[in-house]
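Here is a short report on the fold, the packing and the ligand shell. Please look at the model first.

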Amino acid sequence: MKMKDCNPKDPAFWEEYAKGLQKGPVNRKCMKPDTWDKAAVTYDDLDKCADYRRQVTTVLDILQQKGALDKENIVIDIACGTGTYAVKMATKCKKVVCLDISSGMLEKLKDKARKFRLSNIEIIQADWHEFSTNDKFDTVFVSMTPLLRSAENIKRFLSISRRFLAVVTWAGIRENQLLKELYREIMGKDLVQKGHDMIFPFNYLYSLGYAPHVTFFNGCWERVRPVETQVENMIWRLELYGDLRDEEKQRVRHRVEALADDRGMVKVTSRVRTCLMVVDKKERDFTCG
Ligand SMILES: C[S@@+](CC[C@H](N)C(=O)[O-])C[C@H]1O[C@@H](n2cnc3c(N)ncnc32)[C@H](O)[C@@H]1O
């Protein structure tokens with residue numbers, strides 16, 4: 001398509017754009033349950049980071065202010081992971097349906113639901129692509145998942161929402177210095193993380209006539225972990241792009257070990273910008289006069 005024929009206000013433009021985001025090994029790996037089962041073990045380490053906790057609290061506050069988490073509301077958290085948001089939403093609304101493909105993630109969520117005695121959480125282990133429902137939900141919540149790279153998915157999120165669609169995703173800045181350096185050293189080129197960003201979901205919703213309310217969060221996400229855990233995490237991240245040889249894994253280990261403090265702990269920081277987008281379906285069909 002030539003530049004002069006492009007119309008970014010036409011959903012077809014963004015549907016075509018999204019097809020490009022779904023190609024490549026990272027996207028395929030991020031849809032597999034095994035990938036997330038591995039990540040589940042240390043996923044909640046981020047809960048210890050003050051910037052991240054602030055983001056989660058602010059997201060929930062905004063949703064509550066907008067009426068998307070009322071006492072009578074039924075919410076679905078699609079790709080809920082370990083339930084970082086779901087367990088907190090469950091204390092504010094009638095019921096939260098939690099769907100995820102990864103049993104590892106959902107086991108963590110079940111532990112939390114038990115610990116906090118939450119009886120209004122329903123857990124569904126399923127691939128979103130194979131999930132069908134006739135139910136409608138007051139709020140559809142989708143956070144930090146590769147599912148946000150597809151136009152079909154966004155349309156389905158909207159179709160099962162009675163009123164709100166809330167999306168949390170990356171917003172332009174995602175810099176993990178250690179990952180960047182290791183990627184360069186091992187893969188011999190610069191790391192480009194282009195797939196997962198607000199550009200597609202925001203513009204697609206906009207082209208469909210919605211006006212997503214956007215709130216940005218700047219943060220320094222710190223994860224302090226023992227050497228071994230940090231090594232495994234770095235290998236997990238790098239292997240999203242392709243399997244590493246033993247010698248390459250050793251290089252990761254040496255780099256991480258060199259960063260350890262005298263307690264054997266390693267701090268890895270990511271400089272990030274994320275955002276919350278909230279669509280209120282009621283706002284699209286406003287009338288004049
Ligand atoms: C980065 S985690 C985000 C978890 C949670 N939403 C959060 O914000 O903390 C991405 C999640 O997407 C889930 N996921 C990936 N592909 C999926 C699919 N096809 N169907 C359902 N869940 C999927 C993974 O299992 C994982 O839990």
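In what order do the seven strands of the open sheet stand? The order is 3-2-1-4-5-7-6, and the pairing is mixed. Strands pair if DSSP finds at least two bridges between them. Strands (E, at least two residues) and helices (H or I, at least four) are DSSP runs, numbered from the N terminus.

This is a predicted model: local features need pLDDT of at least 70, side-chain atom pairs count only at pLDDT 80 or more, and totals for chains, interfaces and linings use all residues. Residues are numbered from 1 along each chain as its sequence is written.

Strand 1 (residues 74-78) and strand 4 (residues 137-143) run parallel, joined by four bridges. D77 stands opposite F141 in strand 4.

Angles run from 0 to 180 degrees between N-to-C directions, with axes fitted to C-alpha atoms, for helices over the stretch in contact. Contact means C-beta atoms, placed from the backbone, within 7 Å.

| Helix | Strands touched | Angle |
|---|---|---|
| Helix 4 (residues 50-66) | strand 5, strand 6, strand 7 (265-280) | about 150° with strand 6 |
| Helix 8 (residues 177-187) | strand 5, strand 7 | about 65° with strand 5 |

**Helix pair**

Helix 3 (residues 33-43) packs with helix 6 (residues 103-115) at about 35°, the axes 6 Å apart. Helix 3 brings P33, W36, D37, A40 and Y43; helix 6 brings S103, G104, M105 and K108.

**Cores**

A nonpolar core joins buried Ala, Val, Leu, Ile, Met, Phe, Trp, Tyr and Cys residues through C-beta atoms within 7 Å. Buried means 20 or more other C-beta atoms within 10 Å of the residue's own, with C-beta atoms placed from the backbone. The largest core has 53 residues; A86, V96, V140, V142 and A166 have the most contacts inside it. Strand 5 (residues 161-176) gives the most to this core, with six residues. Beyond four places in sequence, A166 is in contact with L63, A68, T139, F141, L276 and V278. A second, separate core has eight residues, including V231, M234, V256 and V266.

**Ligand shell**

Around the ligand are 19 residues, and W36, A79, G81, S102 and S143 come nearest. A residue counts here if its C-beta atom, placed from the backbone, lies within 6 Å.

Note on methods. A residue is buried if 20 or more other C-beta atoms lie within 10 Å of its own, exposed if 12 or fewer, and partly exposed in between; C-beta atoms are placed from the backbone. Two residues are in contact if their C-beta atoms, placed from the backbone, lie within 7 Å.
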